[in-house]
Amino acid sequence: MGVNRSDFLRTALGATAGLSVAATATPWRSEAEESIGNYPAGTTGPEIFVGLMCPLTGSYSADGEDLRKGYMLAIEDLNNGTGVMAKIPSLAGKKGLLGKKVTYKVADTETKPDTAVQRATEFITQNKAIMFAGGVSSAEDIAMQKLAQQQKVLYMVGASGSNDTTGKDCQRYGFRSQLDAYMVAACLSPVLVKAYGKNRKAIYLTPDYSYGHSLTNSMREFTEKLGWTTVADVVAPFPTSDYSSYLTNISNSNADVFINIEFGNDGIASTKQAVQFGITKKMKLVIPNISTYLPDGLGPDIMEGVYGTQDWYYTMADRYPLSKLFLESFQKKFPGVVPRWTAHIAYDQTAIWADAVARGKSFNPVTVIKTLEEGKAIELCLGKVFYRSGDHQQVRPCPVLVGKKQSAMKNKDDFFDVVEIVPGDKVMQPLGETNCKMPAYT
Amino acid sequence: MHLIEAQALNGLALGAILALVALGLTIVFGLLGFVNFAHGALFMVGAYAGWVAYSNTNNFFFALLASLIITFVVGLVIERVLIRLYYQRPKQDQILVTYGLAIVLVEIVRAIFTGQTRLLSTPSWASGVVQIAGIYYPQYRVAVIAISAITLAVIYLVLFRTRIGLIVRAGIDDDVIVNILGINVNRTFLLVFALGAAIAGVSGIVDAPLLAVNPDMGTDILVQCFVVIVIGGVGSFFGAILGGLIAGEIVSLTTAFAPDYASVMLYIAMAIVLIWRPQGLLGVEGRA
């Protein structure tokens with residue numbers, strides 16, 4: 001429901017106005033002096049504004065809420081000079097960004113591309129947003145990324161798993177940190193073949209939009225290369241609530257692995273119904289891209305032994321020091337809540353943007369883009385990560401997970417074992433295959 | 001392969017639940033004369049009430065009862081403090097107030113339970129598969145058909161075999177005359193609104209093990225219910241059932257061959273009914 005949702009204006013805490021940094025950024029590249037997008041109009045006062053796009057209603061609302069929390073923490077840390085932000089060399093010991101306090105509003109995208117674009121446009125025109133970020137479905141994100149390119153305002157992509165986001169729909173003004181479909185398939189498929197053997201017959205349930213087709217195609221490509229065959233790709237509209245008609249086809253097939261590409265509430269509903277159809281008794285269930293709260297909605301009985309990937313999982317705090325710091329500061333701000341991977345994306349993407357602004361010493365989007373395109377690695381929650389300049393896909397590790405037995409769970413959020421963390425450079429799609437034709441800076 | 005038979009069975013299960021939800025909407029419309037846009041939200045409230053009861057007792061029938069009682073009470077309160085003030089107001093005010101109510105209910109539930117999807121598993125006595133005419137079919141979907149049928153039968157008995165039902169039906173036909181006859185129509189309105197809410201609530205918990213239980217779950221079902229009522233006939237008991245079954249079969253059978261056209265076919269069917277029989281298949285001309 002909900003056509004006109006209210007925004008939540010939350011002015012972040014504690015930026016000190018008296019910082020001795022000059023009020024206007026010092027340009028160090030010629031283009032910094034030109035006016036482009038909302039630069040310099042959005043940066044003349046003591047505050048800058050960023051627009052945060054979170055699906056708080058609709059099929060991906062749980063992921064959107066987690067995303068929102070991640071942004072809130074990131075901006076609070078940025079303004080206070082605390083948490084992970086304080087560990088980034090360019091930001092350490094500073095409050096705010098280039099001496100300015102970061103303010104924001106959150107808009108509900110309703111998990112719909114048209115709403116997302118409409119709300120983002122309001123932020124750009126009315127609030128003079130210097131950057132906007134978020135979105136959970138690739139459909140939303142690709143639409144907002146086009147808007148970013150058109151309006152020349154930087155957009156840090158939220159959750160997006162489609163290859164197209166940094167492929168045929170890539171944009172100069174958009175940067176994506178999440179694993180793309182190619183990376184997911186490349187790191188997950190060998191694990192699946194090792195676990196289930198070579199001659200398996202897979203059947204897919206695919207949501208009918210960019211993300212769904214992209215992930216199904218990539219999974220097919222990699223599993224087929226390793227000896228699996230594909231029985232069928234069953235495509236359902238997005239969103240769907242009753243999957244019986246699609247599951248009837250799947251349950252009557254001779255497949256022995258059921259690869260469910262559905263995400264968010266659709267992922268929960270389709271998997272629940274698949275269990276009722278007895279599909280998981282006959283076939284192994286694989287969920288390549290596991291949405292944030294899917295295990296909570298399905299329960300450990302169903303999740304046990306299910307292989308998949310997530311952008312980030314909280315037990316990775318054992319391996320990465322900044323993940324540990326992120327987990328701790330998140331739980332301090334939101335007691336009792338364990339951050340999921342969309343919160344991680346929100347935090348890291350905000351940090352990467354802030355670092356690029358600080359290193360380039362300018363809010364000018366062209367300067368920020370060129371700084372990011374230099375490909376200098378930044379140490380964050382997943383270790384060292386950087387952007388590939390040719391398609392703006394982040395080169396970052398790929399965590400493969402498997403569902404735990406209920407008796408092995410240490411707490412209510414402890415759903416997965418981390419099977420393997422595949423280094424990012426091993427699973428990147430060759431730039432020539434991405435179909436990315438990067439548009440101009442201006 | 002018994003694809004067609006299997007899809008027909010899917011259509012029956014979907015149709016049963018649609019018939020039930022639509023019935024709640026149609027009797028409220030029949031008596032009160034306006035569409036309750038909060039019906040989908042009450043469906044969601046029923047699912048949450050059932051989820052709370054189910055996760056505490058692990059008894060599905062207790063959850064069913066909890067949904068029924070809580071949504072009935074919610075319906076009573078809403079009618080007393082809000083809906084009552086709108087009977088004499090223009091149509092657009094009535095639509096707006098129920099639409100606003102839907103948003104308020106959804107956001108209250110979101111504030112209490114967060115937007116995270118809740119786990120409501122299939123009751124253990126219906127978690128297997130049964131073989132029907134050579135098709136392996138989920139037991140729970142058979143249970144959905146049975147529970148819907150029983151609930152519809154109970155509502156039928158209340159409406160057509162009791163004095164209260166007689167008053168309600170008389171009120172649907174002409175509330176002014178009923179009032180002149182010395183019967184308290186206001187109390188009838190209250191009862192019918194709460195009954196409609198309770199039917200939505202029960203449908204919510206029955207459908208919950210199939211769906212993702214979250215605050216937005218009532219949105220889609222409301223739209224489908226409108227179609228069901230238009231096809232079956234506004235205010236008609238059997239119209240809601242017939243409309244529900246037709247809609248369920250159209251969606252399931254179309255999905256089997258051309259998933260993209262499932263909702264298109266549903267609206268085409270609605271358009272055909274509107275052209276050929278504007279009052280709906282079992283509707284009475286001149287009402288509404």
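Trainee: Hi! How many residues does helix 2 of chain A have, and how far does it reach from its first C-alpha to its last?
Mentor: Helix 2 of chain A, residues 113-126, has 14 residues and reaches 20 Å, close to the 20 Å expected at 1.5 Å a residue. Keep in mind that this is a predicted model.

Trainee: Thanks! Which residues in that helix are buried?
Mentor: In helix 2 of chain A, the buried ones are A:P113, A:T115, A:A116, A:R119, A:A120, A:F123 and A:I124. Seen down the helix axis, the buried residues fall within an arc of 165 degrees, so they line one face of helix 2 of chain A.

Trainee: And which are exposed on the other side?
Mentor: There you find A:D114, A:T125 and A:Q126, exposed on the other side of helix 2 of chain A.

Trainee: What about A:K128, is its phi positive or negative?
Mentor: Positive, near 50 degrees; A:K128 follows helix 2 of chain A.

Trainee: Let's zoom out. How many helices and strands does chain A have?
Mentor: Chain A has 13 helices and 16 strands. Its radius of gyration is 21 Å, close to the 22 Å that the globule rule gives for 442 residues, so chain A is as compact as a globular protein of that length.

Trainee: Nice. And what share of chain A is buried?
Mentor: Buried residues account for 60% of the 442 in chain A.

Methods. Residues numbered from 1 in each chain as written. Chains lettered and ligands numbered in written order. Predicted model: local features only at pLDDT ≥ 70, side-chain atom pairs only at ≥ 80, totals over all residues. Helix = DSSP H or I, 4+ residues; strand = E, 2+ residues; numbered from the N terminus. Rg over C-alpha atoms; globule rule 2.2 N^0.38 Å. Buried ≥ 20, exposed ≤ 12 C-beta atoms within 10 Å, placed from the backbone. Expected span 1.5 Å × (residues − 1). Arc of directions from axis to C-beta.
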